[in-house]
Amino acid sequence: YMFFRSQFGVAYHFVEESVFQQFAHNVEANYKDVPYHCFPHAVDVLFTVFRLLQLTRAGKWTGEIEQYALLVASLCHDLGHFGRTNQFLVEIKHELALRYNDKSPLENMHCAMLFQLCQHGDTDVFAFATPEQQKEARKIAIAAILHTDNVHHFDMVKDVSAVYEMESGLCDS
């Protein structure tokens, strides 16, 4: 519904519905059965992002590819998560920590898995996007997923607070 039939249902510009359904099936299959970073959590985050896009009237200030990329990223933000923390992976010198130089190894893996799925025609959710749109979608999805690393939390809260302080009149109206 969110991707094809809602006010942000712009997916048909970028992919056939059957390809998206196969993508979603593969995404679900690649989520692990762990207590928190699982497929139901991903769907919860997807709905939250969808609702925030609605409440902020994002269609007035973002383009379709940005909206679509954010929704895809929210569905895939914990893809393949196996229930350990980045700090743990760094401490034990896990393969992912080594591959990504101790910088958000899990989030980098989630991004890589998303775009590995898009390498296949039957699951490429950006198949109809122009090369420019694909580049923009990739940039947005990667940024969104990398920012789910809790190491960024306090800086993001500080940034949002600063914007609110400068524009509180606008935010409160």
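User: What is the volume of the largest pocket?
Analyst: The model is predicted, with local features requiring pLDDT of at least 70 and side-chain atom pairs pLDDT 80 or more, while totals for chains, interfaces and linings use all residues. Residues are numbered from 1 along each chain, and side-chain values use heavy atoms, without hydrogens and water. A pocket is an open set of points on a 1 Å grid over the protein atoms alone where a 1.4 Å probe fits, with protein on both sides within 12 Å along at least five of seven lines. Taken as the space filled by probe spheres set on points joined across faces, edges and corners, the volume of the largest pocket is about 1,200 Å³.

User: Which helix gives the most to the lining of the largest pocket?
Analyst: Lining residues have an atom within 4 Å of a point, and 38 residues line the largest pocket. Helices are DSSP runs of H or I with at least four residues, numbered from the N terminus. H2, H3, H4, H6, H7 and helix H8 (153-166) each supply at least two lining residues. With five residues, the helix that gives the most is H2.

User: Why is H6 described as largely enclosed by the rest of the structure?
Analyst: Buried means under 20% relative accessible area, with a 1.4 Å probe and protein chains only. The buried residues of H6 include Leu106, Met109 and Phe115, and they pack against H1, H3, helix H4 (86-91), H5 and H7, where contact means heavy atoms within 4.5 Å. H6 is largely enclosed because its buried residues number ten of 13.

Technical notes. Buried means under 20% relative accessible area, exposed over 50%, partly exposed in between (1.4 Å probe, protein chains only).
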